[in-house]
Structure formats: structure tokens, C-alpha cells
Amino acid sequence: MSATIFRGTMPALMTPVTADREPDFDALVRKGRDLVQAGMSAVVYCGSMGDWPLLTDEQRMTGVERLVAAGLPVVVGTGAQNPKRAAALAAHARAAGAQGLMLIPRVLSRGASMAAQRAHFDEVLAAGEGLPSVIYNSPYYGFETRADLFFDLRARHPHLVGFKEFGGAASLRYAAEHITGHDPDVMLLVGVDTQVVHGFVNCGAVGAITGIGNVLPREVLQLVSLCRQAATGDATARRLAGELDQALGVLSSFDEGVDLVLYYKYLMVLEGNPEYALHVNPSDALSASQRRYAETQLKLFKTWYRSWTGAAELARCA
């Protein structure tokens, strides 16, 4: 397996559901294929965006199997209520032919314990031995992986090759200074849509996992491309990246909130994907005012993008 799976832009796939609120695996594969054909380097399933807490382990495994069988490069999320289940998901991903793992800390039980988290990561990494893996760091899980723990784990599991940072600007800078700055062979991934420019330009990120990229893949890929150019010192690319990032700001900010899946599924419906109209949990729904706000912001962005002079500049430079 090649660790280059993480050097790109990957949408965190959501789980479309049928009328009886069961996973629609045909629609999942179709969307995964569409996004890869649009230029995404791989797909991630099943992280927070895929509603992992609401699916059975068997449903999650089926989704992975279907995506792999379709020939798609897949990174698998290992979030689970206990380490044994997380390890089983990692072992399944390896056996099914996934190309990478995203390790989520132990949640709910002893989540603040360093010893418990070390043991948790150890068990999951051992189950996925040889499969390129990144640790998903997020303050929302109640535990932040620091450099000492990361390198302790990496010393025992060399296939731990990267760090996905979902925190804000300060967290990304910490990762750049103390993790990827300590070992340049470790890859930093931007895990939240609002920090793409900062992550690539100031922190040396080599990959991104995106939510809004499900809805607007062309524009997000364009943003990442501009950021890569800006990271080389290209002043024009840096200016254009800033303009595009600012215009995407509200849509990207949905990634930071508890309703992120609800927002991005609704935006998918607005973009012509009716299979995302329902949620696994029937009571999960945006309010009427949230829907109006999302619709207004998507319309505003698309109107701005059509008139953005930066698009013409990019076309001339191509």
C-alpha cells in the first residue's frame, strides 16, 4: 500500500439513505465515482460525515466493500464505541482492499485518559498493520493527540504516516511545528474546510479532507490547487486562493458545526442529488430558517463565482 493516498483532496462521503432510511449503497458508489472522476484523489468512508455512530458495523463494512469493488480508492474511518469494534473495522478495511485508515480516538469511555488512548490507537493500528494510517485529531472528540503520543505510536507502527487536524488555526500550527516539523516524512492533512488556505500555505499540509467538496468539487479542487501554488510563494495564487476561500467561507463553516451533515445533505439536494434528502435518524432535520439560509448562501456563492475575475485569470494562466 502507498502512503500517497493521503496526498490529495478527499471528500468525506455522506451516507445516502432509501425511503425506509437504510443505506443506499448504489447511490453511495455513484457519488463516490462522480467525485473521483471530478478530480478527487480518493474518498473517505465512514467518518463523522458518513454518520458512523448511526450505522451498524455491518452497514459500514458493506459500504467499504461496495466502494472498493467499484475500483475507488478508499480511506476508512474507524470511529467506534469501543476499541475492539474500532480494531475490527480496521482489520476489515485491510482485508477488503481499502487503501488507508483514519483513526478516531476512543470516545465516551475514558476518552480523556492518555493511557486509554495510547492503548486504543495501539490496538487499532495493530489490526490494520501495513495499511497507511492517519490519526484524526479533533477537540470535538474530547481528546487532542499531541506530538509525544503520536511519535510513540509511530515508533511501533511505521504505517502511521499522517495527522489529520480538524481543529482551528492554532491546532494546525501546533501540528506543523511539533509533528510534521519534527519529522518531514509525516504528512499533515487539513481536516476542516475553513482552514484550507492556512493549512497548505502556512503549515505545509499535503492533503485535505473536505465536506463542502461533496457539493462543489470543482471549486474546492481549484482552491486546493491555488493553495499549493501559493505555498511556493506565488503571490497571484495566494491572492486568488484568499478570494475563493472568503467567498466559500459560510458554506465551509458548516463543517465546524454539529449540523454539518444536515447542511451538506441539503446542499446536495439543491445541487440535484435527491438521494440525500433523508437522514438515517428521522428526527434529524434542518429548521426552515436553516434551509433558507443555506439556500441563500449557496446561491450567493454561485452568483459570485460566475462573475469572479479570478476564474478568467486562471484560464489565461492555464
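A disulfide is a pair of cysteine sulfur atoms within 2.5 Å. I began with this rule, and by it I counted zero disulfides.

**Entry 1. Basis of the notes**

I worked from a predicted model, in which local features need pLDDT of at least 70 and side-chain atom pairs count only at pLDDT 80 or more, while totals for chains, interfaces and linings use all residues. Residues are numbered from 1 along each chain as its sequence is written, and side-chain values use heavy atoms, with hydrogens and water left out.

**Entry 2. Cysteines**

Cys-203 is in no disulfide, and the nearest cysteine sulfur, that of Cys-227, lies 11 Å away. I then looked up accessibility, where buried means under 20% relative accessible area, exposed means over 50%, and partly exposed lies in between (1.4 Å probe, protein chains only). Cys-203 counts as buried because its relative accessibility is 6%. Cys-46 is also buried, with a relative accessible area of 1%.

**Entry 3. The nonpolar core**

I next looked for nonpolar cores, each a set of buried Ala, Val, Leu, Ile, Met, Phe, Trp, Tyr and Cys residues joined through side-chain atoms within 4.5 Å. The largest one has 109 residues, and Phe-6, Leu-251 and Leu-267 have the most contacts inside it. Helix 11 (residues 260-270) gives the most to this core, namely eight residues. Helices (H or I, at least four residues) and strands (E, at least two) are DSSP runs, numbered from the N terminus. In soluble globular proteins, nonpolar side chains tend to be buried together.

Leaving aside neighbours within four places in sequence, Leu-267 is in contact with Ile-212, Val-215, Leu-251, Phe-254, Ala-294 and Leu-298.

**Entry 4. Helix 3**

The 14 residues of helix 3 should span 20 Å, and the end C-alpha atoms are 20 Å apart, which agrees.

At the start of this helix, a side-chain oxygen of Asn-82 reaches to within 3.1 Å of the backbone nitrogen of Lys-84. Gly-97 follows the helix and has a positive phi, near 100°.

Which residues of helix 3 are buried? I found Pro-83, Ala-86, Ala-87, Leu-89, Ala-90, His-92 and Ala-93 to be buried there. What covers them includes helix 2 (57-69), strand 3 (74-77), strand 4 (100-103) and helix 4.

I took Ala-87, found in helix 3 (residues 83-96), as an example. Ala-87 counts as buried because its relative accessibility is 9%. Not counting residues up to four places away in sequence, Ala-87 touches Glu-123, Val-124 and Ala-127. Ala-87 and Thr-18 are 69 residues apart in sequence and 29 Å apart in space, C-alpha to C-alpha.

**Entry 5. Asn-137**

I located Asn-137 in strand 5 (residues 133-137). Is Asn-137 buried or exposed? Asn-137 is buried, with a relative accessible area of 1%.

I then searched for polar contacts, that is, pairs of N or O atoms within 3.5 Å; within protein, one must be able to donate a hydrogen and the other to accept it, and residues adjacent in sequence count only if both atoms are side-chain atoms. Leaving aside neighbours within four places in sequence, the residues in contact with Asn-137 include Phe-143, Glu-144, Phe-163, Glu-165 and Gly-167.

**Entry 6. Salt bridges**

I used the rule that a salt bridge is a side-chain nitrogen of Lys or Arg within 4 Å of a carboxyl oxygen of Asp or Glu. By this rule I counted 11 salt bridges.

Asp-152 forms one with Arg-118, where the closest N and O atoms are 2.8 Å apart. This pair links distant parts of the chain, since Asp-152 is in helix 5 (residues 147-156) and Arg-118 is in helix 4 (residues 114-127), 34 residues apart. Asp-152 counts as partly exposed at 26% relative accessibility, and Arg-118 is partly exposed at 29%.

The side chains of Arg-156 and Asp-152 also meet in a salt bridge (2.8 Å, N to O). Arg-156 and Asp-152 are separated by about one helical turn because they are four residues apart in helix 5. Arg-156 counts as partly exposed at 38% relative accessibility.

Another salt bridge joins the side chains of Arg-218 and Glu-219 (3.2 Å, N to O). Arg-218 is exposed, with a relative accessible area of 53%, whereas Glu-219 is buried, at 8%. Elsewhere, salt bridges that share partners join Arg-118, Asp-122, Asp-152 and Arg-156 into one network.

Technical notes:
Contact = heavy atoms within 4.5 Å. Expected span 1.5 Å × (residues − 1).
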